[in-house]
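Please walk through this structure with the text alongside. The tour begins with a helix and moves on to a metal site, charged pairs and aromatic rings.

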Amino acid sequence: MKSITVLGSTGSIGVSTLDIISHHRDEFSVFALTCHNKIEKLLEQCQQFQPKHVVIVDEQAAQKFREQMAGHKINCEVHVGAQALVTVAEQCEVDYVMAAIVGAAGLLPSLAAAKAGKRVLLANKEALVITGELFMNAIKQSGAELLPIDSEHNALYQSLPFKPFGQSLSEMGVNRLILTASGGPFRTFTADQLVGVTPEQAVAHPNWKMGQKISVDSATMMNKGLEVIEAHWLFNAPIQQIDVMIHPQSVIHSMVEYTDGSVIAELGMPDMRTPIAYALAWPKRIPSGVKQLNLLEIGKLEFYPVDFKQFPCMKLCYEALAMGGTATVTLNAANEIAVEAFLQKRINFIQIAQIVETSLEKVTIQPANDLEIILAVDAETRLITQKAIAAL
Ligand code: NAD
Ligand code: MG
């Protein structure tokens with residue numbers, strides 16, 4: 001029986017995680033569930049899984065939860081505030097931590113799980129974008145198990161030799177990692193057409209159902225750029241050995257090209273329950289509830305190159321990774337602020353890339369091996385980016 005904390009249980013990944021656990025109750029017990037403020041969903045989840053602890057970051061929401069828990073026959077400890085996220089991630093009773101908070105808000109609890117030697121099921125890609133080096137060092141030092149949840153990285157993990165972390169790709173005979181990208185809802189839009197697109201259009205992803213922030217990131221293709229950075233840290237991959245290809249069907253989730261000409265890929269339906277079930281059960285396999293892939297029904301798989309002019313966010317990600325240090329911290333923080341402003345209709349779609357680019361120019365790059373410096377750069381970038389948006 002493994003005891004699990006699900007950070008961000010009310011989100012898209014959190015809900016899918018609990019769906020799988022609900023079919024494997026004899027293998028997993030829920031230690032803690034956490035959310036920002038969506039307590040209706042949390043009450044429902046607590047009724048079903050009876051966790052020992054919940055963390056609610058928003059104080060008013062926590063108060064409401066306390067008032068309603070008895071009526072829902074829930075008996076658990078309720079913690080308020082972001083610090084408690086760290087506590088439920090590092091507790092010694094916890095075996096597995098699903099890191100599924102969106103954005104930099106997930107960094108400290110994800111890092112705490114890594115330092116505490118847990119099996120870390122990492123969906124929170126932003127943690128690696130911000131603290132790639134520190135995070136991977138924490139995993140190595142504590143002996144934690146890191147299982148990538150992002151479908152591309154999970155596919156690469158499955159297609160690489162057993163336990164790939166820390167080894168050099170060349171020693172494993174790997175030529176290239178090829179990340180696939182659906183191209184999002186605006187794949188066929190011209191640069192001119194992109195100016196007027198709305199948040200509603202941007203969050204309507206053709207293949208995957210996801211939270212709002214990652215949906216907008218998929219529409220700008222910032223998501224794929226963040227995934228290039230994620231792959232760099234996870235698999236010790238030099239930037240020149242990571243390529244991206246547009247594959248609108250999202251059937252091939254990514255591929256590893258070997259020096260002998262072999263290409264090994266993972267294929268499946270676009271449903272996050274597959275990588276989540278893989279990471280929960282690894283090295284075994286368990287049913288995930290996902291429909292089997294029927295290639296005869298799909299018929300055709302297509303591939304296209306990425307156009308950096310159409311999707312400038314991708315280019316910014318490669319550039320920030322090449323700049324090194326805290327450039328990717330700034331990239332991420334500026335993007336979070338810009339995406340929020342776009343969702344609130346304060347800026348238009350193409351301004352997201354422009355704003356991120358300006359912040360990258362303004363904020364000084366520092367070495368990225370100290371958490372305090374990283375958090376300071378994150379805060380400074382947010383301030384500068386907010387000001388830039390207000391001045392538009
Ligand atoms: P979501 O918006 O659906 O859910 C986010 C969760 O984080 C919610 O439970 C929310 O309560 C919590 N949260 C939000 N802000 C918070 C804060 N300030 N403090 C504490 N908790 C907070 O997001 P999602 O789509 O489930 O994505 C979660 C993470 O997984 C992201 O990093 C995303 O990039 C990654 N991911 C998601 C998918 C997907 O299919 N949804 C695929 C790959 C990777
Ligand atoms: Mg992905």
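Within helix H11, the buried residues are Met 222, Asn 223, Lys 224, Gly 225, Leu 226, Glu 227, Val 228, Ile 229, Glu 230, Ala 231, His 232 and Leu 234. The model is a predicted one. Since 12 of the 13 residues of H11 are buried, the helix is largely enclosed by the rest of the structure. The length of H11 can be checked as well: at 1.5 Å a residue, its 13 residues (222-234) should span 18 Å, and the C-alpha atoms at its ends are 18 Å apart, which agrees. Just after H11, Asn 236 takes a positive phi of about 60°.

Glu 227, which is among the buried residues of the helix, gives an OE donor to the magnesium ion (ligand 2). Along the sequence, the donor residues follow the spacing D-x1-E-x74-E. Are Asp 150 and Glu 152 buried or exposed? Asp 150 has a relative accessible area of 7%, which is under the 20% limit, so Asp 150 is buried. Glu 152 is also at 7% and is therefore buried by the 20% limit.

Asp 150, Glu 152 and Glu 227 are linked with Lys 125 and Lys 224 in a network of salt bridges. Lys 224, like Glu 227, is listed among the buried residues of H11.

The count of salt bridges comes to 18. Two of the pairs described here lie within a helix. In helix H2 (residues 39-49), Glu 44 and Lys 41 are three residues apart, about one turn of the helix, and their side chains meet in a salt bridge with an N to O distance of 3.2 Å. Glu 44 is partly exposed, with a relative accessible area of 45%, and Lys 41 counts as partly exposed at 25%. In helix H17 (residues 371-390), Arg 382 and Asp 378 are four residues apart, again about one turn of the helix. The closest N and O atoms of Arg 382 and Asp 378 are 2.8 Å apart. Asp 378 is buried, with a relative accessible area of 11%.

A further salt bridge joins two strands. Arg 176 pairs with Glu 257, and their closest N and O atoms are 2.7 Å apart. This pair links distant parts of the chain, with Arg 176 in strand S8 (residues 174-181) and Glu 257 in strand S10 (residues 252-258), 81 residues apart.

Next come the aromatic rings. A pair of rings is described by the distance of the centres and the angle of the planes. A search of the whole structure finds seven aromatic pairs. One of them is Phe 186 with Phe 189, a tilted pair with 4.9 Å from centre to centre and 50° between the planes. Phe 186 is buried, with a relative accessible area of 1%, while Phe 189 is partly exposed, with 22%. The rings of Phe 308 and Tyr 318 have centres 5.9 Å apart and planes at 35°, so this pair is tilted. Phe 308 lies in the loop between helix H13 (295-298) and helix H14 (312-323), and Tyr 318 lies in helix H14, 10 residues apart. Phe 308 is partly exposed at 32% relative accessible area, and Tyr 318 is buried at 17%.

The last stop is on the surface. Leu 267, Leu 295, Leu 301 and Phe 303 form a nonpolar patch there, with about 310 Å² of accessible area together. Leu 295 belongs to helix H13, and at 43% relative accessibility Leu 295 counts as partly exposed.

How values were computed
Residues are numbered from 1 along each chain as its sequence is written. Chains are lettered from A and ligands numbered from 1 in the order in which they are written. This is a predicted model: local features need pLDDT of at least 70, side-chain atom pairs count only at pLDDT 80 or more; totals for chains, interfaces and linings use all residues. Side-chain values use heavy atoms; hydrogens and water are left out. The expected span of a helix is 1.5 Å times one less than its number of residues. Buried means under 20% relative accessible area, exposed over 50%, partly exposed in between (1.4 Å probe, protein chains only). Donors are N, O and S atoms within 2.8 Å of the metal (3.2 Å for Na, K and Ca); water is not among the atoms, so sites may look incomplete. Rings of Phe, Tyr and Trp (its six-membered ring) pair if their centres lie within 6.5 Å; planes under 30 degrees apart count as stacked, over 60 as edge-to-face and the rest as tilted. Patches are made of residues with over 30% relative accessible area and no salt bridge: like charges are joined within 9 Å, nonpolar side chains (Val, Leu, Ile, Met, Phe, Trp, Tyr) within 5 Å. Accessible areas come from the Shrake-Rupley method with a 1.4 Å probe; for residues, only the protein chains shown count as cover. A salt bridge is a side-chain nitrogen of Lys or Arg within 4 Å of a carboxyl oxygen of Asp or Glu.
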